[in-house]
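Here are some questions and answers on the terms used for a protein model. Each answer sets a value against its definition.

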Amino acid sequence: MRAQSSAIDGAAIAVGSPAKDSARAGTLQAALGVVAFSLTFPATAWGLEGFGPWSLVAVRSVLAAVIAGSCLLLLRVPLPDRRHRAGLAVVGAGVVLGFPLLTTLALQTSTTAHAAVVVGLLPLTTALLSALRMGTRPSRTFWTAALAGAAAVVAFTVQQSGGALTAADAYLFAALLVCAAGYTEGGRLARVMPGWHVIGWALVLCLPLTVPVTAVALALEPVHLTAHSVTGLLWVAVGSQFLGLVVWYRGMAAIGIPKASQLQLAQPLLTLVWSVLLLGEHLPVAAPVTAVAVLVCIAVTQRARG
């Protein structure tokens, strides 16, 4: 009996190891995605030194789509099923077009630190839309923490804007909604197809719109190529728009949306660090304090969801 029990325990360990390895790999991938996203705002600020907002967003999308399309073509990935195309359109509208454009417009007048605090609500917004999309019913604790986090960010934006919300704040709050929708649909699709297929096809799906917009934007907006502007463009195109989303969706598929969202709690604080190191911004005391308050609220919502 002891020998049989030892054999069973050994088999269980052997079976459990691949699952643990998969969870670790998924956690690492999601964490790499968070690091990539945390650099998006500083890179966008660099890109705006040489590109107009429409040019920067359009060119980054086209560059990322060329890379993604080349990978899909070389690996002979079949076209996605028709039943998945509506979801891919939502990913494209939210992650490829909406969020980059709205945040880029906001960063023309807003600091990256301010934007990072407002967009710190993204995991919370994603959790809310995910709950609605999946038909779950969050607890009262979840809703209380969600409202507290939203109130903290609204209070911060009003205080920083001199008593009223600015156009930049409106762009940022709209960006939250469209990106959360894209994350929710992307996380859902990543359960039935590889994560990089999700963002790859979403980027390609947007090409009929991004290519003509790129041509018009480059003709109307002056371009001044500098080391900062080129580096910023390349990072938001390759790092944020493609590779970051590839590892992010793979991570979400491996460990689930709730656990991946917990990792994203560090994103606003990382962006605050990059804004000081790369842009030389001076942080108001309210920025890190509000970011930590939102972090606590999101942690409570994640715990409340089980």
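Q: What pattern does the protein chain follow along the sequence, and how many helices and strands are there?
A: Read along the sequence, the pattern is α-α-α-α-α-α-α-α-α-α-α-α-α-α. The protein chain has 14 helices and zero strands. Helices (H or I, at least four residues) and strands (E, at least two) are DSSP runs, numbered from the N terminus. This is a predicted model, in which local features need pLDDT of at least 70 and side-chain atom pairs count only at pLDDT 80 or more, while totals for chains, interfaces and linings use all residues. Residues are numbered from 1 along each chain as its sequence is written, and side-chain values use heavy atoms, with hydrogens and water left out.

Q: Why is Thr112 called buried?
A: Buried means under 20% relative accessible area, exposed over 50%, and partly exposed in between (1.4 Å probe, protein chains only). Thr112 has a relative accessible area of 1%, so Thr112 is buried. Its place is in helix H5 (residues 112–119).

Q: What makes the pairing of the side chains of Thr112 and Glu281 a polar contact?
A: A polar contact is a pair of N or O atoms within 3.5 Å; within protein, one must be able to donate a hydrogen and the other to accept it, and residues adjacent in sequence count only if both atoms are side-chain atoms. The two side chains make such a contact at 3.0 Å.

Q: Which residues does Thr112 touch, not counting residues up to four places away in sequence?
A: Contact means heavy atoms within 4.5 Å. Among the residues that Thr112 touches are Phe41, Pro42, Leu107, Thr271 and Glu281.

Q: Why does Leu121 count as buried?
A: Leu121 has 6% relative accessibility, so Leu121 counts as buried. Leu121 lies in the loop between H5 and helix H6 (122–134). Leu121 touches Gly149, Ala150, Val153, Leu176 and Val294, leaving out residues up to four places away in sequence. The C-alpha atoms of Leu121 and Val153 are separated by 7.7 Å, and these residues are 32 apart along the chain.

Q: What makes a set of residues a nonpolar core, and how many residues has the largest?
A: A nonpolar core is a set of buried Ala, Val, Leu, Ile, Met, Phe, Trp, Tyr and Cys residues joined through side-chain atoms within 4.5 Å. The largest has 53 residues, and those with the most contacts inside it include Tyr183, Leu203 and Trp248. Helix H8 (residues 167–189) gives the most to this core, with eight residues.
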